[in-house]
Amino acid sequence: MASTETTTKDGGDLAGLEAGLDALETVQRSRKPWRRTFVEKILPPVLAVALVLTVWQALVSFRIVDDPTKLPSPGAVWGVLRQAWLEGELLGYIWTSVSRGLLGFFFALLIGTPLGLLVARVRFVRAALGPILSGLQSLPSVAWVPPAVIWLGLNNQMMYAVILLGAVPSIANGLVSGVDQVSPLFVRAGRTLGATGLKGTWHIVLPAALPGYVAGLKQGWAFSWRSLMAAEIIASFPDLGIGLGQLLENGRNASDMAMVFEAILLILTVGVAIDLLIFSPLERWVLRSRGLLTKD
């Protein structure tokens with residue numbers, strides 16, 4: 001009788017242990033309540049923006065900075081934004097720069113990805129190009145604008161060339177870093193299963209290198225956007241259309257600080273929006289696919 005009870009008890013303990021392990025391994029699919037999402041993700045940036053606007057307005061209201069040509073009020077900047085919107089020009093400014101930036105980044109992606117794989121997988125190419133890519137990544141993007149203007153003239157091709165020269169090294173180096181972090185065990189296992197050459201690169205190396213690659217893409221976009229702004233500021237030309245960089249330069253030429261702040265806020269907003277809409281979801285997907293992120 002005692003033996004039966006002991007067996008039953010042991011069986012119950014094992015069943016409970018297995019259930020606990022299953023619960024630990026189960027990915028939580030339930031979504032957070034809206035209130036918790038609001039408190040954790042929406043409220044903090046809203047409060048940060050409100051704090052910046054409050055300090056900004058206080059600097060103007062208490063005449064800590066009493067020269068509007070140096071620091072316009074938030075209301076003055078809002079008035080310029082509202083006027084540009086009513087005149088139908090605001091979206092044109094944004095689209096001119098965003099379309100250039102995304103198209104240039106796409107070309108940089110097509111060039112930087114195979115280049116990064118080549119550098120990561122071929123020792124001779126790494127020895128030859130690795131230091132050059134690192135040096136190009138540290139070179140300020142604005143340095144490419146004068147030679148690009150001389151080579152290509154004042155046109156969109158010049159803009160794309162500057163974006164490529166700024167973004168390709170970051171994308172390639174990000175992929176190289178991701179490939180270097182791939183466990184050799186994965187590669188050997190892939191070879192055992194017949195995944196060699198391009199097949200091994202596509203099915204084993206690239207998926208394992210995704211975290212570093214995504215980090216390189218984010219940095220590449222940052223370089224693309226900054227390179228484009230530098231090109232639009234320095235090489236402004238009426239036939240190219242007015243992008244955000246040229247809007248910033250127009251404000252400087254007119255000594256209109258409200259327009260300058262308008263351009264700065266729009267450049268910042270676009271950068272944040274691209275990150276939230278494209279790169280943050282991509283990064284969460286990569287982390288979730290590896291079990292590193294179980295909840296939204």
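Where is Ser-141 found? Ser-141 sits in the loop between H5 and helix H6 (145-152). Helices here are DSSP runs (H or I, at least four residues), numbered from the N terminus. The model is predicted: local features need pLDDT of at least 70, side-chain atom pairs count only at pLDDT 80 or more, and totals for chains, interfaces and linings use all residues. Residues are numbered from 1 along each chain as its sequence is written, and side-chain values use heavy atoms, with hydrogens and water left out.

- Ser-141 counts as buried because its relative accessibility is 10%. Buried means under 20% relative accessible area, exposed over 50%, and partly exposed in between (1.4 Å probe, protein chains only).
- Setting aside residues up to four places away in sequence, Ser-141 touches Val-162, Gly-166, Phe-223 and Ser-227. Contact means heavy atoms within 4.5 Å.

**Helix H5**
- H5 covers residues 123-138, 16 residues in total. At 1.5 Å a residue, H5 should span 22 Å, and its end C-alpha atoms are 22 Å apart, so the two agree. The expected span is 1.5 Å times one less than the number of residues.
- H5 bends by about 40 degrees at Leu-129. A proline, Pro-131, follows within four residues. The bend is the angle between axes fitted to the seven residues ending at a position and the seven starting there.
- Val-125, Gly-130, Leu-133 and Gln-137 are the buried residues of H5. Their cover includes helix H4 (90-121), H7 and helix H10 (210-234).

**The largest nonpolar core**
- The largest nonpolar core has 55 residues. Such a core is a set of buried Ala, Val, Leu, Ile, Met, Phe, Trp, Tyr and Cys residues joined through side-chain atoms within 4.5 Å.
- Met-158, Leu-175, Val-179, Trp-225 and Leu-244 touch the most other members. Helix H7 (residues 156-180) gives the largest share of this core, 12 residues.
- Beyond its neighbours within four places in sequence, Trp-225 contacts Ser-97, Val-98, Leu-244, Ile-267, Val-270 and Gly-271.

**Two positive phi angles**
- Most residues other than glycine have a negative phi.
- Arg-63, not a glycine, has a positive phi of about 55 degrees. Arg-63 lies in the loop between helix H2 (34-61) and helix H3 (74-86). Its relative accessible area is 66%, so Arg-63 is exposed.
- Ser-255 also has a positive phi, near 55 degrees. Ser-255 lies in the loop between helix H11 (244-253) and helix H12 (257-289). Ser-255 is exposed because its relative accessible area is 58%.
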